[in-house]
Amino acid sequence: MTGLPILDITGLSKSYGAIRAVDGVDLQVHRGEICGLIGPNGSGKSTFFDCTSGLARPNAGSVKLDGQDITGWSLNRIAREGRMLRSFQKTVTFGALDIEENLVIAGQMFTFPSVASTFGFGARSRARVDGLRQRARELIRLSGLWDVRTQPAGNLSGGQQKLIQFASMLMPEPKLILLDEPMAGINPKLIERVVEAIRYANEQLGVSFLVIEHNIDVITSICQRVAVLDQGRKLAEGTPAEIMRNQAVREAYLGG
Amino acid sequence: MLFQISEQIVNGIVTGAVYALVAVGMTMIFGVLRAINFAHGEYYMVGTFGAWVAIEYFDLPYPVAIVAGVIATAFVALVIGQFVMRRMVGAPAEAGVLATLGIALILQNSVILLFGGGYKFFEGGYIEPVTILGVSLAEQRLLIIAVAVLVFFGLELLVTYSRMGKAMRAVSQNVECCAVVGIDVRKVVVRTFVLGAALAGLSGVLTAPVNVSVYGGMGELITFKTLPIIIMGGLGNVRGTFFAAMILGIAESLVATYVGLQFRDTVGFATLMLVLMWRPHGLFSAQARY
Amino acid sequence: MSLNESSLPLPGRDLRLPFGLAVVVLACCAPLLLGNYALHAVIISLIFLLPAHGLNLLVGYTGLLSLAQAAFFGVGAYVSALMAVHWGTPFYVNLFGAGLVAGVLALPLGIPALRLRSTSFVMCTLGFVIIGQAVAKNWISLTRGDMGLSAIPKPYFALGPASFAVSGTVGFYYLVLAIAALATFVVWLIVTSPAGRNMVAIRENETLAESVGVPTWRYKLVVFMISATFAGFGGSVYAHYLTVVSPLTFQMSNSTLMLIIVLGGGPGTISGVVFGSLLFVGLSEALRIAPELRMVAYGFCLLALVFWFPKGFAPLITRFWTMLRGRS
Amino acid sequence: MANTVHRRAFCLLASAFCLAGAPAFETSALAQDSSIRLGIVAPMSGPNARYGAFSLRGAQLAAKDINAAGGIDGRKIQVFSADSQGTPVEGVSATRRLIDQDKVDFLIGDVSSSVTLAMQPVVEDAGVLLINAASSNPKITYAAGVGGFKWSFRNYPTDENRALIVAQYAAEKRGFTKFAVLSVDSDYGRSAIEFTKKYLPRFKGQILSEDYYKEGEVDFRSVLAKIRDSGAQAIIMYGLADTTPIVARQMTEVGLAGKVPLIGNGEFNTEKTIKSAPKALEGAVEAAAWLPGWDSPKSKGFVARFTAEYREAPNNHAYVHWETVNLLGKAVEAAKSTDRAKVRDALAKIKYDSAVGEVTFDDHNQAKLPMILLQIEDGKPVVKGAYSADIDYPR
């Protein structure tokens with residue numbers, strides 16, 4: 001946990017009308033770390049995520065990814081050029097497409113200006129797509145979804161779809177993944193598999209994580225460090241054990 | 001000059017009142033069904049034809065013909081509502097577009113098949129001009145304005161206080177929840193549809209004496225005029241629709257006078273596009289429904 | 001959309017090649033099999049196939065319901081007609097001119113329009129058609145207004161010193177067939193490319209597509225332009241075939257016909273759209289047998305489509321392909 | 001369930017294909033006989049449907065009477081009709097169907113000039129004789145005969161002719177110098193105004209305002225109020241018959257009636273139109289190819305015959321189509337054959353006695369025909385004379 005943080009957020013603020021959803025939050029995610037973000041409902045976690053990932057524009061503050069200022073970049077540019085990907089709570093797959101297609105799309109990350117690469121002309125481009133397909137199949141096997149790989153993703157269970165989404169995000173060799181409640185609404189049996197997948201990505205592929213999660217057991221088991229948001233501000237930050245002991249955090253959860 | 005402008009504004013209000021009566025039904029239907037009704041102008045045509053048949057074939061007086069026209073429209077709308085619109089609940093937008101285009105073709109061409117494609121002459125109505133503040137107007141036009149105001153007042157009461165109005169509001173807010181609280185969404189859709197179509201029919205019957213001619217293709221023009229209105233009025237917003245219709249009526253009247261009649265039919269869509277550049281969700285909020 | 005069937009064994013015989021050959025032979029021999037009038041109907045179908053292909057890229061693959069096709073179709077027709085009448089340029093120059101102008105025009109129109117969502121976008125695109133018609137009617141010095149441009153020359157080709165004109169229904173049929181086949185091939189290239197996959201991603205879920213790095217805004221704009229280009233090509237061929245253009249080329253019924261072809265044929269499939277254009281344009285021509293009932297019957301066909309084939313004929317076509325491929 | 005859906009789907013598909021395939025097989029069934037196969041292209045639906053209905057009835061009546069009288073040298077006239085909807089595209093499709101499907105040798109059509117212009121190249125390719133009977137745009141015969149299209153003829157006076165006569169009458173007989181234009185937005189309405197502008201300076205007239213309405217327009221109050229305030233002495237209107245009552249009524253409403261007359265063309269003279277707004281139409285001046293009140297035995301005979309057959313008085317379009325079918329009959333008789341080329345040559349040389357005078361064709365295949373000028377006086381159309389003018393072909 002030394003050197004430049006992979007994600008460095010300073011003074012991030014976002015208001016909707018008179019409501020200050022996020023109010024001057026600082027947060028760092030270190031290289032190779034799994035960082036948790038918790039807080040009661042309405043504490044601004046989702047808005048914080050949206051502003052970080054480029055889905056919404058912050059009113060103030062800066063987001064630096066790997067030393068590069070990406071404040072105000074669009075979602076797709078951050079994904080493509082920054083290799084920082086995010087997940088969503090509800091919409092998680094391209095429903096009409098099968099799993100392999102889902103993964104291949106996520107892996108493409110095309111730069112638009114090149115006509116040849118966009119339209120897939122030429123041997124190099126074709127080889128690249130073949131490579132992606134190869135990788136997609138590996139990931140499908142690893143996720144244990146091989147048996148359902150030809151089905152439209154929309155037909156699968158919520159948990160399976162979350163696994164697909166997770167596998168999708170591993171396609172473009174990301175540096176950092178933002179997970180928005182990865183365990184919400186999934187079968188308890190699958191929770192273990194998602195946790196395994198996160199561990200695998202973190203340890204084997206060296207991906208850093210920032211995770212919003214309500215399931216405290218999951219947070220304590222996978223995170224090295226946890227930050228707590230309450231009413232748009234950062235309330236506390238520390239190891240999971242420290243956070244569990246923090247009086248202010250307890251009050252926020254119970255009193256909020 | 002000032003007199004001229006005020007006269008044109010009065011003209012615009014009359015036109016706007018006609019548009020408002022048609023557009024309000026369309027916007028209500030959009031509210032509950034989330035589908036653009038490309039056939040809506042056809043109910044205007046059906047109403048006019050109903051009244052024309054009553055006068056021409058049965059020699060009924062105009063006030064009775066108004067009732068006949070509206071009833072005929074409501075009946076046609078009920079049939080279509082039961083067989084087609086009910087099934088559009090929860091259907092994708094494309095299905096709504098295709099189905100209503102199909103209905104428009106069927107209604108328009110059935111009427112042409114029955115009565116021929118030519119223009120019919122509409123007798124009846126109160127066409128004597130009266131002069132108010134120096135502006136000469138047919139009595140019928142005053143009637144149109146009066147009815148439009150009454151209808152909108154009535155609709156406000158209906159959606160605020162009546163059971164059906166409340167159900168309509170509920171459906172337009174959230175279809176899934178309605179099923180939970182026991183509102184029959186399909187029934188509400190059909191009723192709204194019949195009400196909306198009947199208002200379009202009423203508008204047709206009231207306008208016929210001043211427009212004189214009655215023909216199968218007349219509904220299509222009205223559909224095109226009302227489409228921009230309901231978007232500008234904030235889809236599903238009754239009050240917004242009323243004001244948007246008035247704005248468009250007045251704008252058309254001024255354009256026809258000072259720019260040229262041939263640009264009149266472009267006013268609606270041109271205004272719509274300018275408005276959308278400026279406010280992508282229309283002039284009036286779609287949130288404040290009814 | 002499953003693209004990995006090669007790894008699976010095929011239990012039955014693969015009939016795709018013989019079927020494809022049969023279609024090609026049938027298309028080439030059509031003038032021998034069909035009367036002049038039926039051939040005319042097929043020509044009109046193939047002309048409408050071009051804008052329908054464009055619309056399919058937009059509606060079927062990218063998920064944007066647009067009624068603007070007739071506007072670009074009209075622009076293409078007028079550009080081609082004006083070039084042919086005033087400059088006497090050969091057909092292929094007019095064709096590309098028409099496609100180019102339509103495609104470039106789509107840029108300034110698309111930028112504001114694509115900011116809108118669902119219904120507003122549909123209405124805005126309908127507005128393009130209405131305003132296009134008004135321009136064609138009132139810019140009399142250029143378009144001759146309602147008088148239209150007539151006596152548009154037959155398509156002729158000037159290649160170096162040699163030049164020849166395509167005349168007669170049969171000649172035109174082969175010309176249109178070649179153009180339509182080429183266009184179908186180009187569409188196939190697009191939709192099977194990585195870009196095509198990204199388009200489908202946008203259709204399925206725009207935000208998710210953004211999150212995996214698809215620049216959705218640029219994609220939508222470019223697809224809108226490509227779709228306009230196809231419409232422009234169609235308009236050009238149409239102008240040369242009918243030898244007249246009038247402001248009525250810009251009319252909603254053209255847009256709706258194209259939409260019916262795509263939605264009815266099967267949005268998001270190429271064969272569906274080809275089939276749809278032959279069926280729906282052909283149907284409209286065939287129903288001339290009973291002219292009084294024609295439009296009523298057409299209306300009922302649309303309703304039948306909505307109720308019985310909510311996804312167009314695409315599922316049927318998929319079944320058919322599966323059958324051909326020899327699997328059950 | 002899925003099975004039934006698909007079965008239904010296949011049935012529907014199969015029937016659709018049968019429908020689509022039907023025309024291909026139909027052709028062989030039509031044997032060549034010695035009848036005269038005549039196609040009528042006219043707007044049967046759309047805003048011009050009234051014209052189409054009258055046109056077809058006129059043509060059918062003529063064919064019926066000719067056939068009842070034993071035909072032309074024993075040859076019966078068979079009438080086929082097709083709907084152009086008043087649009088060029090549909091018109092071309094309709095024309096092709098008549099030529100390819102019904103195998104017609106002769107065509108009469110369309111009412112709308114835009115459609116006729118689109119039909120011309122089609123008939124030229126097919127070598128089918130087209131006699132237009134109701135389109136007035138001059139361009140049609142600019143491009144015919146020595147102008148290019150050998151198979152196109154027109155038995156109808158042109159807008160140029162009409163514009164000149166109306167302008168002349170309004171200026172010389174009525175003393176108007178200030179005009180407002182309110183015409184239909186079509187090539188008929190626009191080109192008539194174009195020619196009016198060409199000739200108006202000759203009579204020291206000026207145009208104060210110029211407006212064009214779309215087919216189907218119903219609200220003229222704004223533009224009429226503008227015209228009222230502009231001080232125009234007459235409204236030049238080349239409009240559609242069905243719109244005239246609307247304009248007339250709204251003229252009454254804005255106070256134009258009785259002060260500013262309509263001049264031009266648009267069936268101002270029918271009983272129904274006059275009844276709709278008698279005050280507004282008083283003094284209206286119209287130039288028409290024909291009107292039911294035209295005083296000649298042949299014309300009177302036609303009105304009586306038509307009224308007896310259809311229980312409705314004929315209009316201009318019924319007459320011109322009736323007359324044109326008769327003209328074609330005479331040409332076939334002169335050619336002693338139904339051979340298209342022979343009939344065409346006979347037509348070019350024909351001298352035919354029509355209800356409004358002798359018809360001959362010039363080298364542009366344009367019939368030399370008079371325009372009848374009438375004025376509404378005391379609620380009745382009064383004929384003021386028939387005028388011919390030579391056409392000034394562009395070189």
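Predicted model: local features only at pLDDT ≥ 70, side-chain atom pairs only at ≥ 80, totals over all residues.

Colleague: How many of the 14 residues of H4(D) is that, and what follows from it?
Modeller: 12 of the 14 are buried, so H4(D) is largely enclosed by the rest of the structure.

Colleague: Where does H4(D) bend?
Modeller: At Met119(D), by about 30°. A proline, Pro121(D), follows within four residues.

Colleague: And what span should the 14 residues of H4(D) have?
Modeller: Helix H4 of chain D covers residues 113-126. At 1.5 Å a residue, H4(D) should span 20 Å, and its end C-alpha atoms are 20 Å apart, so the two agree.

Colleague: What follows H4(D)?
Modeller: Gly127(D), with a positive phi near 65°.

Colleague: Switching to chain A. How many helices and strands are there?
Modeller: Chain A has 10 helices and 10 strands. Its radius of gyration is 19 Å, close to the 18 Å from the globule rule for 256 residues, so chain A is as compact as a globular protein of that length.

Colleague: What box do its C-alpha atoms fill?
Modeller: Roughly 60 × 40 × 40 Å along the principal axes of chain A. Of the 256 residues in chain A, 45% count as buried. Take the contacts in chain A with a separation of 6 or more: 69% of them join residues 24 or more positions apart.

Colleague: How many residues of chain A are in contact with chain C?
Modeller: 29 from chain A, against 25 residues of chain C. On the chain A side, helix H2 (75-82), strand E6 (84-86), helix H3 (99-108) and helix H4 (115-119) each supply at least two residues. H3(A) has the largest share, six residues.

Colleague: What classes are on that side of chain A?
Modeller: 16 nonpolar, eight polar and five charged residues.

Colleague: Now chains B and C. How many residues does the contact take?
Modeller: 30 from chain B and 31 from chain C. Helix H4 (93-115), helix H9 (218-232) and helix H11 (264-278) of chain B each supply at least two residues of the side that touches chain C.

Colleague: Which of them gives the most?
Modeller: H4(B), with 13 residues. By class, the side of chain B that touches chain C has 23 nonpolar, five polar and two charged residues.

Definitions and conventions
Residues numbered from 1 in each chain as written. Chains lettered and ligands numbered in written order. Contact = placed C-beta atoms within 7 Å. Nonpolar A, V, L, I, M, F, W, Y, C, P; charged D, E, K, R; others polar. Rg over C-alpha atoms; globule rule 2.2 N^0.38 Å. Buried ≥ 20, exposed ≤ 12 C-beta atoms within 10 Å, placed from the backbone. Expected span 1.5 Å × (residues − 1). Bend = angle between axes of the 7 residues up to and from the residue.
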